[in-house]
Amino acid sequence: MKATAPAITFHNLTLGYDRHPAVHHIIGEVARGELLAIVGPNGAGKSTLLKGIVGELKPLSGRLDLDGLTKRDIAYLPQIVDLDRSFPISVFDCVAMGLWREIGAWGGLGASGREQVVHALETVGLVALADRPVGALSGGQFQRVLFARLLLQDAKVILLDEPFRAVDTKTIADLLRLIERWHREGRTVLAALHDIEQVRAHFPRTLLLARETVAWGETQSVLTAANLAKARHLIEAFDSHAHAHAPVCDRDDEVRASA
Amino acid sequence: MQNRLVALFGAALLLLGQPGGVQAGDQVTREKLKAVASFSILGDMVKNVGGDRVEVTTLVGPNGDAHVFSPTPADAKTLADADIFFVNGLGFEGWMERLENASGFTGALVVTSGGVMPIVMRGERHDHDAEDRGGEQDHADQAENEAYDSQGGGNTDPHAWQSLFNGKIYVTNIRDALIAVDPEGQETYEANAAKYLTAIDAEDKAVREAIAKLPEARRKIITSHDAFGYFGNAYGLEIVAPEGVSTESEASAQDVAKIIRQIREEKIPAVFLENVTDRRLLDQIASETGAKIGGVLYSDALSGSDGPAPTYLDMFRHNAGALTAALSS
Amino acid sequence: MIDTLVQPFIEFAFMRRALVGSLAISLTAPPIGVFLVLRRMSLMGDAMGHAILPGAAIGYLLAGLSLFAMSLGGFAAGLAVALAAGLVARSTVIREDASLAGFYLVSLALGVMLVSMRGNSVDLLHVLFGTVLALDDGALLLIAAIATASLVTLAVIYRPLVLECFDPQFLRSVSAWSSPTHLLFLVLVVLNLVAGFQALGTLMAVGIMLLPAVAARFWAEDVGGMIGVAIVSAFLSSVTGLLVSYYVNVPTGPAVILACGAFYLLSMFVGVRGGVLWSLLPRKHLEA
């Protein structure tokens, strides 16, 4: 029996692009304060699911409930950040944007705001580079900047899409510690990841996707060899069919018929 | 008896066949001569000489700028149907050759400025120009020649119609061309032209008298477009055109400064706008020097029919009036 | 020396007015140019010069050679093109540059057709475009008013605008200001361009907006710094251009823009941030 309502509820959710579903018929819940890893082969629909949660994609069918959470309560780190690295902005100013919720479009940072930014930079180990332009950072350093910004957003739900791609191990280790801290603070964290061992070591719950739910629950029981093979299978089968002329999906009718 | 009936019948036919007709070869429905004039001033002249016998179409209409005119396919069609095409010449119609070729025009091309003694635009002016104009004109002052900078080359000034003396040459050229193409109308054309020439003479006299009334020191103006060279020569007016301030090129600060200095030093009383270009620079010069803005002078085009200069002679009347109003006070 | 620099302005009112007009435009256009350059919209100024034609044509058809009517029409047309392009870029697959190209070409073609319908050969745009030497009271007031409005608006939307250029995804996720900021910015661009065309002519209007902004990249590391450098260099270039036009007898608009260009080239070589000369000199690297 859960004491509080789940943070996110999926009601037979299907998300995709241009009528082609990328992820089908997802049913389930994410509890408040849960630390959930989303794994699956390439093309499994992990990014799509996160985009659906944050509202960037409208559902093709089904529904998504956010238990009263608004956009402001969700912090989202996309995989391909559509951000201009050559823009003349300093690390400090970039991270300070995380305080938007508090200072808005016109508010000054103030002494306390500045302190918070410095603190966030300390947490990710970038204080020394505060005045550098973001274009001067390495991939790993830049990822730390984005995490620091996320920190300041102080959000109830944090969505991370492949945050560790092309990032050095030391940074990964540091950022994983940060994620665990968020979990301790009671925030709901969902992270799409590709490194299975990483997930086994740090994430208590996992959702295994292969364009649909393969398994969902305690990491140990989800990440079995059998499940992983099934996931691979599903994706390969999908890939080998041309989906340019896919028929209309009638799975909903089947579900209704069997219910 | 039968012969008489035939004769009567024949006479009746003859009479019926020519209602009111007196001269042989005079028909009821005579097709008008189709003439095209390149711009509104020529169009007006051709209408005056041609009268009812000629249907005139003008390419660059009232307030139009022939210098930047770009002919359309409709214009080419109009020209193709025409019997006679009147152009000014002297480089006024840069687009003429293109249009002629495009339309396949096979009629008569008449350059109305034939026989006019051209003057050179802002270059050295030759003394013999002044002499050859004969007694119809006050002898031009050397000073008028020097009103133009000696910068820039010897470009011919095409605005020859701005002198009524030249206007008469235009009219005789038009008359002779019409007669050549339509010999049957010779009497009409000669009569119309004679009437028109008399009117031109009268206007010419009026303009001279008006200018003569102005004190000599005040017979200078600045105008934005270098179109009044012939007018200035003919009627004893010094025209200063700001260099670089035209429809095509952009002014330099030095040019503007020079004009302002000149106005101040020579006490030029009036600045005139011309009906086809941007007036703002001239406004600026006038406000800085205190020179009067004398109104609009019509140079390259007539005004619309509701404007002050709908015909060639009206144009002169208006321009002379504006000049005297600004310069006499 | 000082006398040479100052004398033309003392002697002639038109030079003083040109100076004031240049100052006003140097305050308002370069900051907008900085954002245009950062958003990779640098060619928008040129496109706008063509896009305003149908509006000016309609103004002319309705009211004759009235500068007010034509400017108003031009502004409306420019705004329509800019906003349409902006909206299409935000809500379809078409990106900003293609979107703008599409709309301005349609606008230009429409304008050409409208002008030919009248059958008159008045070169509309030529009449509409002014010169800095002919700034009457009306034009000065117009530039001053627009400069004030632009600076105030920029101050207000500064932070959202920076974020919109840098990380539009993030802005969308934290604020509803993304679309309004973008569209408000476009309004400012069109406003400054049309006023600039009318007062100063196309070359000077677009040039003053963009060249100082491009050059500023070589001197400053943040947006605020770039704006400062751009404003100062724009004004100094204007003064230089005016003086050169006065003493060397060359047209003013091109002189100003060539001065801006000279500063740009200079910046490329000796600008402290990324100037070519610095990278050629052997310098010891820093410790960290």
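## Exercises on a predicted model

**Exercise 1.** In this predicted model, state which residues of helix 5 of chain C are buried, and then compare the reach of the helix with the expected span.

*Solution.* Begin with burial, for which a residue needs 20 or more other C-beta atoms within 10 Å of its own. In helix 5 of chain C, the buried residues are C:Met70, C:Ser71, C:Gly73, C:Gly74, C:Phe75, C:Ala77, C:Gly78, C:Leu79, C:Val81, C:Ala82, C:Ala85 and C:Gly86. Next take the length: the helix covers residues 67-91, which makes 25 residues. From its first C-alpha to its last it reaches 36 Å, close to the 36 Å expected at 1.5 Å a residue.

**Exercise 2.** Find how many residues chain A and chain C bring to their contact, and sort the chain A side by class.

*Solution.* Chain A gives 18 residues to the contact and chain C gives 19 residues. On the side of chain A that touches chain C, 13 residues are nonpolar, one is polar and four are charged.

**Exercise 3.** Describe how domain 1 and domain 2 of chain A are assigned and how they touch.

*Solution.* First, the domain assignment gives domain 1 of chain A as 1-69 + 156-259, and domain 2 as 83-155. Their C-alpha centres lie 28 Å apart. Eleven residues of domain 1 are in contact with ten residues of domain 2. On the domain 1 side, strand 6 (157-161) and helix 6 (169-184) of chain A each supply at least two residues, and the largest share, four residues, comes from helix 6. Finally, by class, this side of domain 1 has seven nonpolar, one polar and three charged residues.

Methods:
Residues are numbered from 1 along each chain as its sequence is written. Chains are lettered from A and ligands numbered from 1 in the order in which they are written. This is a predicted model: local features need pLDDT of at least 70, side-chain atom pairs count only at pLDDT 80 or more; totals for chains, interfaces and linings use all residues. Two residues are in contact if their C-beta atoms, placed from the backbone, lie within 7 Å. Ala, Val, Leu, Ile, Met, Phe, Trp, Tyr, Cys and Pro count as nonpolar, Asp, Glu, Lys and Arg as charged, and the others, Gly among them, as polar. Domain bounds come from an automatic or database domain assignment. The expected span of a helix is 1.5 Å times one less than its number of residues. A residue is buried if 20 or more other C-beta atoms lie within 10 Å of its own, exposed if 12 or fewer, and partly exposed in between; C-beta atoms are placed from the backbone.
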